Amino acid sequence: MPHEAFDALLRLDTIRSRMVAARAALQEADSWNTLTSELDAIFATQDVERASGRLAEAAKSLVVLQDTAEFEERKAVLIRLQNQLEALLGPKVIAALNGYDIEESRKCYGMFEQMQRREAFASYYYKTRKAPLVSSWSTSFSGLSDFTRLDLAQKLSLFYNDVLQMIQREAEWCPKLFPNHPQVLAVLTQQTLSSLKPTFSSLFSAVENSVGIDYLPLIVKAYSATLAFGHQVENIIQSTYSESAAPERSRRSSASHPPHRKPSFSGQIDLTQWGQAPFDAFLLHQLAYSANEVRFVTKQVSQMLPADWSAAVSSMDEISDTTKSLLDVIPRAVLTIENAFKRGIVFTQGFSSTSTKEVLNSAVLSIISRVDALISLVRDKLNIDSKGISKSGRGGMRFNDEDDFLDRGVAEEDEWILVQIGLRLLLFCSTLYRKLRQLDSGCVQTLKRLRSTVLQEDDAGNLLEAEPSRKMPAQKRLSQQIAPLSLPTTGSQVDLSPPPSEEWQHCASALFTLQTSKLNDMQLRRFLTSLDAPAGGSGAAAEERTTRSVLASKAVRLVLFSPSMDQLTSLSLRAQRLIFDLLFQPLGAQIAQVTNLDVWGLTRDPSSSGSGSSDLGPIAEGSGAYDLRFSLSPLSYITRVGETLLTLPQQLEVHSNEVLGFGVMGLPYLKASDFGGDRDDWPDDDAMGGGGGAEERGDEGLLVGAEGNLQDGEGGGGGGGGATDAGEDVTHLWITAIARATVASYQEVIYAIPKLGAHGARQLAADIDYFLKVLEAMDVEAIPELEATAQLLDMTDEELAATLDRVAAAAAAPGAGDGPAGDGPAGEGGDGGRQFEKHEGLVRKIALLRNLTGTK
């Protein structure tokens, strides 16, 4: 019985509750019949708080009617009445916000919240706060037509300062009103920047169209200023977020906030969108940055080095002055390259790293091509052919357009002025190479520091999600990863580059714009991850070839400037070859006339005849190559060659071995044994016979400093001991190369003599003997073939014929082909001409010159 009574009471209570609810619902529904008239009366009295409360009750009752036919009609009535109330509240909201009346603003906010129109209230807030800034921007930039003298970064910085003052002020006031104040601040900044007229995009385009390619440093500085602005904006928002999201704070408990409590916020904030207007405008130029940077640095290089030297210099004096000032170009050139790298880092935050090589090497290659054109002009002005001899024979090389370089009356210092031109060009190459090595290392280290941000790596180097997180914790993580950059510097900064002391400013919105752009592709990821690739990785063969050709003593893996190394190597070899040709030219000029001397055809010594007639024939006056004493003393041409060679050490030693030693392995006519080593990367011994040097041998040559391959003090010149320190080694290598070039040229003209008489042959043997003594005095290894030539020339006709028969018989004997023959190295001495058995070709050449065919 008691249980039944209790159950009956529960049923009665439930019935009562439902009846009460039904009565309330019917009353709410009935109230809609008088809602419009009631609110019209309230609106007439301007009692907005009462009107807000009445509309809130109506909104609740509307839920009861949602399944009835009257729902849509009454919903439209509610919206119309809410619009009336908002229109009535609008002036009050604007006045309260403009006056920073927090109490009135809170009341208005509560009423808007009752109407579920918080966004509408926020719109009033954004409008009142951004209006002065939009007006200021319009005054500064609207109607501006002359952008040539506009300091865009400074102008933007002044505006950004005004925006920051507004945000800082709102960061203190906004939390008193809005529960989601961090997001409100972000949206306020976004709407302010999006409302500006002219827009960022149109402003940047106007600057580019007005200034041309010179706009690039202007927009980079403007971007840097915007990054600094964004960094401060996000710091302010983060600080308000940190305060509002403290654990001890609770969520907002009511629609209206008492004066003694701030609204709390425990959500998360998106910092990626506030800067959409400026950073999207910058992105258009960031995507075109690489192409524009190439154009800009090319223009800068052209201001330092002309592309057409013939229009800039017309005489050797001007060329000499130009090469003197060439070294002053290097700091400016390297600074141009360095600033190009810095602009790429600042403007794209490392996302243009894929095209960094292209940009930097375009500048280097532009410099190299212009200096290469200068070398070509020098060779053309001096009229030097590929063998280092004047194309016009005599008078080809002129100084001041007056003095004949070949005229022995010209002062020797004039000749060395020309050599100095080549030395300055080679010093330019050496200095540029060292600067590029330093710059490459510093730039790579900078890219490595940026890599964790660009690739979204954590502290352990693991890749994070491809899309950046939009939430605050992730943004704070990114901020911690970006440390201030320590960019490499090579000299004082120019106004067009970002100042080196400027600290890298992290900005999540800017980073998000770049991460979601076309710049962030797999090619960028592969490039940045390859910075730590070992030397034996992909493409190592080509890099190793370039590295070895640049610095044989120590493997150096250039990352950014590796594409330029082949061209820089070629340029260095051309500068080196210019020096070589200028040093060899007086020697080559003397030897070039040997073939046509009349003395070679004489069969007897004219000095033994008293008749005054001889087999000599007429000798052109002024040939300057034949000693009229007709003795077996060396003729004047070979003594001049010897004198010139013997003075080379003294003249070369006064020049910096740092210059002469750069690229010394690329000198023609040198071989492995000259460098005191058996390494595989030295030039082959056989290469010296060709005489073409590194360029003509088919490799890039070997650029190496004196401290490189010679640091152990092992001398060159295989003759006898050589020098003992690196400086003497470098000098001796140059002397050896020039001496061997003289030997090769001498051999060539000897075998081109049309006919040799008996006396002419003995005279030539005397000349060669003198020349061999000069080589011995210079500690240059004699060429066995030249020694054999002198011995063959000194033979009588009968002795030479017998020797010819012997070598012919030896060549025809069984097994003769098993050993070296022809023009190979000389064999050991022997009787009856056996030492010439390995020189069959040479014996036949000399016999042919003397018109002998043998005794059989």
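Colleague: In which helix is Val233 found?

Modeller: Please bear in mind throughout that this is a predicted model. Val233 is found in helix H9, which covers residues 215–244.

Colleague: Is Val233 buried or exposed?

Modeller: The label follows from relative accessible area, and a residue under 20% is called buried. Val233 has a relative accessibility of 0%, so Val233 counts as buried.

Colleague: Which residues does Val233 touch, leaving aside those up to four places away in sequence?

Modeller: Leaving such neighbours out directs attention to contacts made by the fold. For Val233 the partners are Leu164, Ile167, Thr189 and Trp274.

Colleague: How many helices and strands does the chain have?

Modeller: There are 27 helices and two strands. The chain has 856 residues, and buried residues make up 50% of them. Its accessible surface comes to about 38500 Å², with 50% of that area belonging to carbon and sulfur atoms.

Colleague: What share of the contacts between residues at least 6 apart in sequence joins residues at least 24 apart?

Modeller: That share is 78% in this chain. Two pairs illustrate how such separations are read. Arg437 and Ser562 are 125 residues apart in sequence, yet 9.8 Å apart in space from C-alpha to C-alpha. Met565 and Leu436 are 129 residues apart along the chain, and 9.7 Å separates their C-alpha atoms.

Colleague: Which residues touch the most other members of the largest nonpolar core?

Modeller: The general idea is that nonpolar side chains tend to be buried together in soluble globular proteins. Here the largest nonpolar core has 212 residues, and those touching the most other members are Leu560, Trp600, Trp734, Tyr746 and Leu764. Helix H14, residues 412–454, supplies the largest share of this core, with 18 residues.

Colleague: What does Trp734 touch, not counting residues up to four places away in sequence?

Modeller: Its partners are Gln576, Ile579, Phe580, Leu583, Leu652, Leu660, Val664 and Leu667.

Colleague: At what angle do helices H19 and H20 pack?

Modeller: Helix H19 (residues 562–592) and helix H20 (residues 636–652) pack at about 170°, and their axes are 9 Å apart. The two helices are therefore roughly antiparallel to each other. From H19 the contact draws on Leu583, Leu587, Gln590 and Ile591, while H20 contributes Tyr637, Arg640, Val641, Thr644, Leu645, Leu648 and Leu652. By class, the residues of this contact divide into eight nonpolar, two polar and one charged. Leu583 and Leu652, which take part in this contact, are also among the residues touched by Trp734.

Colleague: Let us turn to the backbone. Which peptide bond is cis, with omega near 5°?

Modeller: The bond in question runs from Lys197 to Pro198. Pro198 lies in the loop between helix H7 (181–194) and helix H8 (200–211).

Colleague: What is the phi of Asp779?

Modeller: It is near 65°, again a positive value in a residue other than glycine. Asp779 lies in the loop between helix H24 (758–777) and helix H25 (784–793). At 21% relative accessibility, Asp779 counts as partly exposed.

Definitions and conventions: Residues are numbered from 1 along each chain as its sequence is written. This is a predicted model: local features need pLDDT of at least 70, side-chain atom pairs count only at pLDDT 80 or more; totals for chains, interfaces and linings use all residues. Side-chain values use heavy atoms; hydrogens and water are left out. Helices (H or I, at least four residues) and strands (E, at least two) are DSSP runs, numbered from the N terminus. Buried means under 20% relative accessible area, exposed over 50%, partly exposed in between (1.4 Å probe, protein chains only). Contact means heavy atoms within 4.5 Å. Accessible areas come from the Shrake-Rupley method with a 1.4 Å probe; for residues, only the protein chains shown count as cover. A nonpolar core is a set of buried Ala, Val, Leu, Ile, Met, Phe, Trp, Tyr and Cys residues joined through side-chain atoms within 4.5 Å. Axes are lines fitted to C-alpha atoms, for helices over the stretch in contact, and angles run from 0 to 180 degrees between N-to-C directions. Angles under 35 degrees count as roughly parallel, over 145 as roughly antiparallel, 65 to 115 as roughly perpendicular and the rest as oblique. Ala, Val, Leu, Ile, Met, Phe, Trp, Tyr, Cys and Pro count as nonpolar, Asp, Glu, Lys and Arg as charged, and the others, Gly among them, as polar.
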